[in-house]
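Here are a few exercises to work through with the model open in your viewer. Try each one before you read its solution.

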Amino acid sequence: DGIMLDLGVSSFQIDEAGRGFSFMRDGPLDMRMEKRGPSAADAVNHLTEGELADIIHILGEEHAARRIARELVHRRRSQPFTTTLDLADVVEKALGGRRGKPTHPATRTFQALRMWVNDESGELVRALAAAERVLKPGGRLVIVTFHSIEDRIVKLFLRSRSGNDPGVSRHLPKMAKGKAPTFEVLQRKAVEASEAETASNPRARSARLRWALRTEAPAWNVDADDGFRLPGL
């Protein structure tokens, strides 16, 4: 009848130093949700400079990604990264310090590494496709995102599945290709937190909520039509 996705990392995970998600407290440079696969330390210490720059630029939306990647590779030659504060300090130095900025200079880099380590964009794509398969007609899909890339993936998915993909001519709708819309979007604009809510809960400031109703059309073949993926992810 309904599926809700509340994306990102929980406050409990961020505040637990041992998980390595935050630089607010020193801890092991891990960031893995399930403690499986490469950690953030593995990524920083072994990926190429180009790979690190792409991750930080695409997932962190950091304009100085190449400068940061270059500094990370230079530093790891003499000493590998093992802790969160060590990484945060090097990123801060690469960007020339805080200079009165309200957020820590390493925020985007940490966000990018966390998203890469846990394949968060891929998990979201798979979750949306699964929701399309299991929701019954009239069921609601509700997604809360906290990152522009997440929100863009959701927006592109719902556009595509509702027949409102701007890349398709209005004279040649999706139905002409044998694919009827699987969702009906009743509210195009994302719902954002009010000023009162962000005042009491600052972490809600970047939240975006989108929702849609499941139609009676059969689920699309994800492999055959995966147009809501983002380039480079």
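## Exercise 1: a serine after a helix

Ser-162 sits in the loop between helix H8 (148–161) and strand E3 (183–184). This is a predicted model, so keep that in mind as you go.

Task: decide whether Ser-162 is buried or exposed, and find what it is in contact with beyond its neighbours within four places in sequence.

Solution. Start with the accessibility: Ser-162 comes out at 12%. Buried means under 20% relative accessible area, so Ser-162 counts as buried. Next, set aside the neighbours within four places in sequence; Ser-162 is then in contact with Pro-181, Phe-183 and Val-185. Finally, check the side chain: one of its polar atoms lies 3.3 Å from the backbone oxygen of Arg-159.

## Exercise 2: positive phi without glycine

Task: look at Lys-35 and Glu-61, and work out where each is found and what its phi is.

Solution. Take Lys-35 to begin with. You'll find it in the loop between helix H1 (11–15) and H2, with a positive phi of about 55° although it isn't a glycine. Its relative accessible area is 43%, so Lys-35 is partly exposed.

Now move on to Glu-61, in the loop between helix H3 (49–60) and H4. Here phi is near 50°, again positive in a residue other than glycine. With a relative accessible area of 33%, Glu-61 is partly exposed too.

## Exercise 3: a mostly covered helix

Task: for helix H5 (residues 84–94), find how many residues are buried and which helices they pack against.

Solution. Count along the helix: eight of the 11 residues of H5 are buried. They are Thr-84, Asp-86, Leu-87, Ala-88, Val-90, Val-91, Glu-92 and Ala-94. Then look for their partners: the buried residues of H5 pack against helices H2 (40–46), H4 (65–76) and H6 (107–117).

Now for the two ends. At the start of H5, a side-chain oxygen of Thr-83 reaches to within 3.3 Å of the backbone nitrogen of Asp-86. After H5 comes Gly-96, with a positive phi near 85°.

## Exercise 4: span and burial

Task: compare the span of helix H7 (residues 120–134) with the expected value, then list its buried residues.

Solution. H7 has 15 residues, and at 1.5 Å a residue the expected span is 21 Å. From first C-alpha to last, H7 reaches 21 Å, close to that expectation. As for burial, the list for H7 is Glu-120, Ser-121, Gly-122, Leu-124, Val-125, Leu-128, Ala-129, Ala-131 and Glu-132. When you look at the spacing, remember that an α-helix has 3.6 residues a turn, so residues three or four places apart point the same way.

Definitions and conventions. Residues are numbered from 1 along each chain as its sequence is written. This is a predicted model: local features need pLDDT of at least 70, side-chain atom pairs count only at pLDDT 80 or more; totals for chains, interfaces and linings use all residues. Side-chain values use heavy atoms; hydrogens and water are left out. Buried means under 20% relative accessible area, exposed over 50%, partly exposed in between (1.4 Å probe, protein chains only). Helices (H or I, at least four residues) and strands (E, at least two) are DSSP runs, numbered from the N terminus. Contact means heavy atoms within 4.5 Å. A polar contact is a pair of N or O atoms within 3.5 Å; within protein, one must be able to donate a hydrogen and the other to accept it, and residues adjacent in sequence count only if both atoms are side-chain atoms. The expected span of a helix is 1.5 Å times one less than its number of residues.
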